[in-house]
Amino acid sequence: MLKTHANAILLHADDNVVVALQDLNAGDTAAFVDAELPGQIMRGHKIARRPILQGEMVVRYGQIIGQAKQNIAPGEHVHVHNLGMGEHTRDYGHAEASVPLEPIAEQRTFQGYVRADGKVGTRNYIGILTSVNCSGSVAKFIAEAAERSGLLKEFPNVDGIVPIVHGTGCGMSAKDEGYATLFRTLSGYAQHPNFAAILLIGLGCEVMQISDLVGGRKIRPDGNLRYMTIQQTGGTRKTIEVGLKELRELAELANTATRSPAPVSEIMVGMQCGGSDGYSGITANPALGIASDLLVRHGGTTILSETSEIYGAEHLLTRRAVSVDVGERLIERVRWWEDYTARNGGEMDNNPSPGNKRGGLTTILEKSLGATAKGGSAPLSEVYKFGEPITTKGFVFMDSPGFDPCSVTGQIASGSNIIVFTTGRGSVSGFMPTPCIKLATNSEMYGRMSDDMDINCGDIVSEGVSLEDKGQEIFEKIIAVASGELSKSEELGFGGVEFVPWQIGAVM
């Protein structure tokens, strides 16, 4: 952040736009702009600092965010009517700016659940995991029957029973990329450290077979997994009856788990943004980037995702890659996405969403530059596919769509035990079994939706709070929630419908 004023902010000396920090009217003067405004401009939106000619690149954060579609006069609103994607080349500069962060010697701890495989959970749930859509209702029936019976009152160390249901698992190829992606996702949830135990339920005739998921191997080192199919068990009522018996046995095992001190290095944070606005890249995202760097310096792991929403900013990440190979793996995923959208009749600039645009974002390039700020400054240690187990410490990237529930599903399957979610327009969601911390980008939305927001980052602009102080606040909140403090989304009971596996390939 370069220069700020009560009504506008200049983010970089090379920028030819500023961002309004309050609603401005025709005839007003914005800071850093030597002209009166010809019309109304809402907060979070861009204003031309100087004349911008048709075809000239528009610059924010010191980076290109698009190309002027017409001449733009000083003081004019810069948005969808006069700014387009444009064409520009990127120099990826693989690994040329990878600077390790200085480790923090202080051994911070949190209160977590240490599992048999050495991973550490932040919650202690029992999961009812389904292989196919057809077993989803029965999974819910079992969870509801357990709740009616008061089963968990006998097991106070168990946080709850979570049915994980979805809309796929059949009507698909058993050999393609879509099958492999779903297999990784279900396997990742079955092994997640926030689950003390898993009941796995299938119908019996689906493509995603229970026998393939179990595979004759011990999915969980602790052995806390039971599985059945509805067809083999004898239908709905018998499956519910058997399921309740299995849940009781699993609850007895899960109840033996207790919180104990664990190093902060065992925290893995999935970083997300949704309902972004013009403030996202100024407040919450860079503040989360500082928290990310703090966790990495403590030996922990942070995950940036949403490949379609780092498009146009990937060159900033490849420069930070620890090796040329890591940088090239990121670009391979970007190229895959270019092909994926093209063959499905889409385009990479189908973002920002209508809500993003109302909040002041214009092109995917602009949105991506703000989104990438969540990754801080740490070296990019590795690149993973959706739901692939993350074994590398530090700052990593996991390929995913920009659709938030789907992206978070992949991050949890990969091992995230905390999610931190930034939003400017407002978001209502949660992601059992992993707690979600929500960061508001602006004070106005935080005031309207404070019941859903955990931290207000708008005070970076409204009160002059430093990014460093806000980053430290986020870091401390991560440790507190990891240790058992409930996030706002947990208090409200979210997390039952946000399991959204990425469906790739033909539905048959």
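Reply: Let's start at Ile128, which stands opposite Leu199 in β13. That contact belongs to the parallel pairing of β11 and β13, which runs over six bridges (two strands pair if DSSP finds at least two bridges between them). Before going on: this is a predicted model, with residues numbered from 1 along each chain as its sequence is written, local features needing pLDDT of at least 70 and side-chain atom pairs counting only at pLDDT 80 or more, while totals for chains, interfaces and linings use all residues. Side-chain values use heavy atoms, with hydrogens and water left out. Helices (H or I, at least four residues) and strands (E, at least two) are DSSP runs, numbered from the N terminus.

On to β12: five bridges join β11 to β12, again in parallel, and Leu129 stands opposite Ile164 there. To get from β11 to β12 the chain goes through helix α1 (residues 136–149), and this β-α-β crossover is right-handed; that is, with the strands pointing away from the viewer, the path from the first strand over the helix to the second runs clockwise.

What about β11 itself? Six of its six residues are buried, so β11 is largely enclosed by the rest of the structure. Buried means under 20% relative accessible area, with exposed over 50% and partly exposed in between (1.4 Å probe, protein chains only). In a regular strand the side chains alternate between the two faces of the sheet. In β11, Tyr125, Gly127 and Leu129 point one way, and Ile126, Ile128 and Thr130 the other.

Now β13 (residues 195–202), which also pairs in parallel with β14, over five bridges. One of the partners to look up is Leu225 in β14, bridged to Ile198.

Put together, you get an open sheet of four strands in the order β12-β11-β13-β14, with parallel pairing. β12 (160–164) and β14 (225–229) are the edge strands, each with a single partner, so one side of each has no neighbour in the sheet. From one strand to the next, the twist averages 15 degrees.

Last, the helix over it: α2 (residues 177–190) lies across β11, β12, β13 and β14, running at about 155 degrees to β11. Axes here are lines fitted to C-alpha atoms, for helices over the stretch in contact, and angles run from 0 to 180 degrees between N-to-C directions; contact means heavy atoms within 4.5 Å. α2 is also among the elements that the buried residues of α11 pack against.
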